[in-house]
Amino acid sequence: MLARDIGIDLGTANVLIHVRGKGIVLDEPSVVAMDRTTGKVLEVGEDARRMVGRTPGNIEAIRPLKDGVIADFDVTEAMLKHFIDKINVRGFLSKPRMLICCPTNITKVEQKAIREAAEKSGAKKVYLEEEPKVAAIGAGMEIFQPSGNMVVDIGGGTTDVAVLSMGDIVTASSIKMAGDKFDQEILSYIKKEYKLLIGERTAEEIKISVATVFPDGRDEEIDIRGRDMVSGLPRTITVRSSEIEKALHESVMVIVQAAKSVLERTPPELSADIIDRGIIITGGGALIHGIDKLLAEELKVPVLVAEEPMNCVAKGTGIMLENIDKIAKNKIRR
Ligand SMILES: Nc1ncnc2c1ncn2[C@@H]1O[C@H](COP(=O)(O)OP(=O)(O)OP(=O)(O)O)[C@@H](O)[C@H]1O
């Protein structure tokens, strides 16, 4: 039996694996629960995520990738190995080839770390590809034509903005501002405004259920529970969309600014194409309410959220795996 080639979206927030000929077979949070005293991995993925903020002293729930890069090499390797074992693609006679997506501005050292982690997890050959390019392919953009396509991929740790033409990146920017920073901003706002401590998961819940980044874009409210900083006791408060919009304004404008600077550096012919075709937003951050309207208003260009934005990179790896033999010949990256 031969091993099947696989594509991996190795994200700060989630790992998705696409198996050639099968589609997306794994979609789990990038979290590992470890016993600090023994160094043993206890749970990986969804089971580990349930433990975030709820572990006793000796157990730690770790996110081994931070800001879109590997913060803890050993734990990333353990996580990758666990997921690859779980999907069971190794053949009796062969190991799989792996196409892994990473942010645009990672260093050579970080690239090497990702490669090594994949090799130790059983890869025969590892190909690294830039995330915005694969996201654009997964979102259905015709990036191999001689015309401008712009994608804004908002993940957990990084936002990648890129203009692509003829299969390659023409101008790009990668910033460490994305979904996780939004959660941190919400957490800080609740702390400052209500003197209430909440966890990361509650902050994310607020972001998903009531937040908006477009002024007056949404009017919802949610009751949340946390620990009162003065009395130390549990307390419930109600937060509204409008206040979260204000709390997120500065952070989201960093993303708008990155997109503006990429457009400013884009050759005029390609800019004209982008006006015609619009910008596509991918990644989980594309799901934050009002981001499409805000970008459209600020950039004066039509903006569309991709279908299933969180799956675009994984889907893109699937499309690229169909051409992996060509990729292998041409060596696709840096
Ligand atoms: N409905 C939603 N509304 C707002 N944000 C959301 C929604 N669903 C998911 N997110 C956010 O999307 C982010 C995760 O997106 P994604 O899985 O694309 O990131 P990633 O690929 O793991 O990260 P990176 O590209 O930085 O490595 C998280 O911050 C999550 O809170």
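Trainee: What share of the 334 residues of the chain counts as buried?

Mentor: This is a predicted model, in which local features need pLDDT of at least 70, side-chain atom pairs count only at pLDDT 80 or more, and totals for chains, interfaces and linings use all residues. Residues are numbered from 1 along each chain as its sequence is written. A residue is buried if 20 or more other C-beta atoms, placed from the backbone, lie within 10 Å of its own, exposed if 12 or fewer, and partly exposed in between. By that criterion the buried share of the chain is 47%.

Trainee: Which helix gives the largest share of the shell around the ligand?

Mentor: The shell has 22 residues, of which Gly11, Gly155, Gly179, Gly284 and Leu287 come nearest; a residue belongs to it if its C-beta atom, placed from the backbone, lies within 6 Å of the ligand. Helices H5 (179-194) and H6 (200-209) are the elements that give two or more residues, where helices are DSSP runs (H or I, at least four residues) and strands are runs of E (at least two), numbered from the N terminus. The largest share, three residues, comes from H6.

Trainee: How many residues of domain 2 take part in the contact with domain 3?

Mentor: An automatic or database assignment sets the bounds, giving domain 2 as 140-177 + 254-309 and domain 3 as 179-247. Their C-alpha centres lie 28 Å apart. Two residues are in contact if their C-beta atoms, placed from the backbone, lie within 7 Å. Domain 3 gives 11 residues to the contact, and domain 2 gives 13.

Trainee: Is Lys300 buried or exposed?

Mentor: Lys300 is found in the loop between H9 and strand S18 (303-305), and its phi is positive, near 60 degrees. Most residues other than glycine have a negative phi. Because Lys300 has 9 C-beta neighbours inside 10 Å, it counts as exposed.

Trainee: What is the phi of Lys195?

Mentor: Lys195 lies in the loop between H5 and strand S14 (196-197). With 15 other C-beta atoms within 10 Å, Lys195 is partly exposed. Although Lys195 is not a glycine, its phi is positive, at about 50 degrees.
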